[in-house]
Amino acid sequence: MTRPGDGGPDDGTPPPPIPDALWQALARSTFRARFHLDAKDRAYLEDRGLPTIMEHAADFIARRLAPARPARDGRQTPWRGHPVFVAQHATATCCRGCLEKWHGFAKGQALDPGGRAYVLTVIRTWLERERP
């Protein structure tokens, strides 16, 4: 059975596809559905390009979300200031509590490379959907 986090860079397989049910659930959440890129975030994304933004995302995830017990968990992702931060709140990849509730990754366990790849895929997909 495939679960979020199976596969990924270590074994050469891509992360699992993001289930449509996740996007449907996020769309039903009044809180999650209110997040969208503003003009400044869109301009930043277009100026830097998605590959660079995803490098930033990989760094943010590695430092702020992947550890078993991230510093300031629950408050580690700013509300604005970077397109990735907005995407994290929109996709419930902003803290370990949301990651557990929405994506099934247990708190207290570090994200393995496959888990990080899954989170990055969720963020990338949301950013691609937000692009004009």
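Author: Contact here means heavy atoms within 4.5 Å, and helices are DSSP runs of H or I with at least four residues, strands being E runs of at least two, both numbered from the N terminus. This is a predicted model, in which local features need pLDDT of at least 70 and side-chain atom pairs count only at pLDDT 80 or more, while totals for chains, interfaces and linings use all residues. Residues are numbered from 1 along each chain as its sequence is written, and side-chain values use heavy atoms, with hydrogens and water left out.

Reader: How many helices and strands does the protein chain have?

Author: The protein chain has seven helices and zero strands, so that its pattern along the sequence reads α-α-α-α-α-α-α. Among its contacts between residues at least 6 apart in sequence, 66% join residues at least 24 apart.

Reader: Which residues of helix 4 and helix 7 meet?

Author: From helix 4 come Leu50, Ile53, Met54, Ala57, Ala58 and Ile61, and they meet Arg116, Val119, Leu120, Ile123, Arg124, Leu127 and Glu128 of helix 7. By class (Ala, Val, Leu, Ile, Met, Phe, Trp, Tyr, Cys and Pro nonpolar; Asp, Glu, Lys and Arg charged; the others, Gly among them, polar), this contact has 10 nonpolar, no polar and three charged residues.

Reader: At what angle do the axes of helix 4 and helix 7 cross?

Author: Axes are lines fitted to C-alpha atoms, for helices over the stretch in contact, and angles run from 0 to 180 degrees between N-to-C directions. The axes of helix 4 and helix 7 cross at roughly 140° and come within 10 Å, which makes helix 4 oblique to helix 7 (under 35 degrees is roughly parallel, over 145 roughly antiparallel, 65 to 115 roughly perpendicular, and the rest oblique).

Reader: And which residues of helix 5 does helix 4 meet?

Author: Val84, Phe85 and Gln88 in helix 5 are met by Ile53, Ala57, Phe60, Ile61 and Arg64 in helix 4, a contact with six nonpolar, one polar and one charged residues. The axes of helix 4 (residues 50–64) and helix 5 (residues 83–91) come within 9 Å and cross at roughly 60°, and these two helices are therefore oblique to each other.

Reader: Is Glu130 buried or exposed?

Author: Glu130, in helix 7 (residues 113–130), counts as buried because its relative accessibility is 11% (buried is under 20% relative accessible area, exposed over 50%, partly exposed in between, with a 1.4 Å probe and protein chains only). Buried residues make up 43% of the 132 residues in the protein chain. Leaving aside neighbours within four places in sequence, Glu130 is in contact with His36, Leu37 and Arg42.
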